[in-house]
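Good morning, everyone, and thank you for making the time. I would like to walk through one structure with you, going slowly enough that those who are new to it can follow along.

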Amino acid sequence: MPELPEVGVPAWIPGLPAVARDDGAKEYGAEKERPGMTGSLTIVGLGPGTAEWITPAAQAALDAATDIVGYGPYVDRVPERAGLTKHASDNRVEVERASHALQLAADGRTVAVVSGGDPGVFAMAAAVFEALEAGPTEWRGLPISVEPGITAMLAAAARAGAPLGGDFCAISLSDNLKPWDVVTARLEAVLTADLVICLYNPISKARPWQLGKALELAAKQRDATTPVLFARAVGRPDENLRILTLAEAVAAAGTADMATLVMIGASSTRLIAREGAAPYVYTPRSVAKMPCATSQGRT
Ligand code: SAH
């Protein structure tokens with residue numbers, strides 16, 4: 001376990017080394033000079049798709065970069081310009097990609113590692129810190145920062161109304177990095193807790209059945225009429241939002257894909273009908289009591 005900070009800016013602010021103070025406490029961020037380290041690394045969230053959803057701070061980090069590192073389709077979203085080198089890689093090699101980015105920064109480059117949505121949500125920020133933890137000690141002297149982006153569940157929620165108005169959680173259905181029984185144990189726990197559940201990585205060619213299983217688990221605990229949102233490619237030209245009941249969602253699981261965010265409502269999540277338009281989906285902020293489980297779902 002790393003030693004915890006005693007004073008000053010918390011140690012988790014990346015790239016800020018501790019310096020001892022006269023009174024024996026440690027201060028973070030006071031040391032400006034890092035001999036031999038002229039490069040830097042920023043992990044940048046590009047948002048779900050449209051450039052309008054990139055923050056000005058994320059855009060500034062992209063504009064300042066000499067090198068863009070990331071999964072091909074995200075790297076492609078950064079326009080070419082003189083002096084910019086792009087390093088596109090395959091989807092599956094996150095930690096190698098992160099190590100490459102750290103080494104480029106250690107070599108003096110101004111590196112932006114790009115992620116879709118928010119880089120801290122099932123994405124490259126954790127891969128960079130994993131590589132940093134395992135890598136050479138000198139990498140820890142690099143200024144590393146994270147520029148947040150709009151994550152898929154927030155973009156999807158905004159399109160639908162206010163489904164995340166109460167308590168909610170996010171679970172990745174991918175079992176590439178964790179066993180499936182961990183996924184089901186977590187799902188059962190949050191179903192019992194009556195949280196709205198956002199499912200990232202719901203399905204892929206290599207993982208065709210997991211979403212169906214997750215929705216079947218949900219249908220055992222939640223009412224068949226619970227609203228479920230299939231939000232696909234939000235913020236992109238092919239955006240598509242479907243509002244289903246839980247029973248319909250179980251049957252439609254196979255129609256989701258890797259670009260879909262699935263949101264399962266809580267017991268209080270409901271629809272507000274509109275003339276000639278899709279209903280709004282919303283979850284009130286107030287909760288009167290925990291619903292009781294019945295054999296038909298919840299009451
Ligand atoms: N860092 C990303 C998530 C990476 S995991 C973020 O913060 O959004 C990849 C999963 O995110 C996809 O399988 C899908 O479930 C979801 N996702 C990413 N972009 C999306 C979009 N534009 N619309 C809907 N879901 C999206």
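What follows is a short tour of its charged and aromatic side chains.

Please keep in mind throughout that this is a predicted model.

Let me begin with the charged side chains. How many salt bridges does the count come to? The count comes to 5 salt bridges, and I will go through some of them in turn.

Take aspartate 67 and arginine 109, whose side chains meet in a salt bridge at 2.6 Å, N to O. Aspartate 67 lies in strand 4, residues 67–71, while arginine 109 belongs to the loop between helix 3 (94–106) and strand 6, and so the pair ties together parts that are 42 residues apart in sequence. The two partners can be described by their accessibility: aspartate 67 is buried, with a relative accessible area of 2%, whereas arginine 109, at 31%, counts as partly exposed.

Next come arginine 159 and glutamate 239, whose side chains form a salt bridge at 2.7 Å, N to O. This pair links distant parts of the chain, with arginine 159 in helix 5 (residues 152–160) and glutamate 239 in the loop between strand 11 (227–232) and strand 12 (240–245), 80 residues apart. Arginine 159 is partly exposed at 41% relative accessibility, and glutamate 239 is partly exposed with a relative accessible area of 27%.

A further salt bridge, at 2.7 Å from N to O, joins the side chains of aspartate 257 and arginine 232. Here aspartate 257 sits in the loop between helix 8 (246–252) and strand 13 (260–264), and arginine 232 in strand 11, so that distant parts of the chain, 25 residues apart, are linked.

Now I would like to turn to aspartate 118, found in the loop between strand 6 (110–115) and helix 4 (124–134). Aspartate 118 is buried yet has no salt bridge, and the nearest side chain of opposite charge, that of arginine 77, is 12 Å away. What does the side chain of aspartate 118 reach at 3.0 Å? It reaches the backbone nitrogen of glycine 149. If we leave aside the neighbours within four places in sequence, aspartate 118 is in contact with Ala123, Pro148, Gly149, Ile150 and Thr151.

Finally, the aromatic rings, where the structure holds 3 aromatic pairs. One of them is formed by tyrosine 71 and tyrosine 74, edge-to-face, with 5.6 Å centre to centre and 75 degrees between the planes. Tyrosine 71 counts as partly exposed at 25% relative accessibility, and tyrosine 74 is partly exposed, with a relative accessible area of 25%.

Tryptophan 180 and tryptophan 209 form another edge-to-face pair, 5.2 Å centre to centre, with 80 degrees between the planes. That pair links distant parts of the chain, 29 residues apart, with tryptophan 180 in helix 6 (residues 180–192) and tryptophan 209 in the loop between strand 10 (196–200) and helix 7 (210–221). Tryptophan 180 is buried at 16% relative accessible area, whereas tryptophan 209, at 42%, counts as partly exposed.

To end where charge and ring come together, arginine 274 lies over the face of tyrosine 280, at 3.8 Å from the ring centre.

How values were computed. Residues numbered from 1 in each chain as written. Predicted model: local features only at pLDDT ≥ 70, side-chain atom pairs only at ≥ 80, totals over all residues. Heavy atoms only, no water. Phe/Tyr/Trp six-rings, centres within 6.5 Å; stacked < 30°, edge-to-face > 60°. Buried < 20%, exposed > 50% of the residue type's maximum accessible area, 1.4 Å probe, protein only. Helix = DSSP H or I, 4+ residues; strand = E, 2+ residues; numbered from the N terminus. Lys NZ or Arg CZ within 6 Å of the ring centre and 35° of its normal. Lys, Arg positive; Asp, Glu negative; His and termini not counted. Salt bridge = Lys/Arg side-chain N within 4 Å of Asp/Glu carboxyl O. Polar contact = N/O pair within 3.5 Å; in protein donor to acceptor, adjacent residues only side chain to side chain. Contact = heavy atoms within 4.5 Å.
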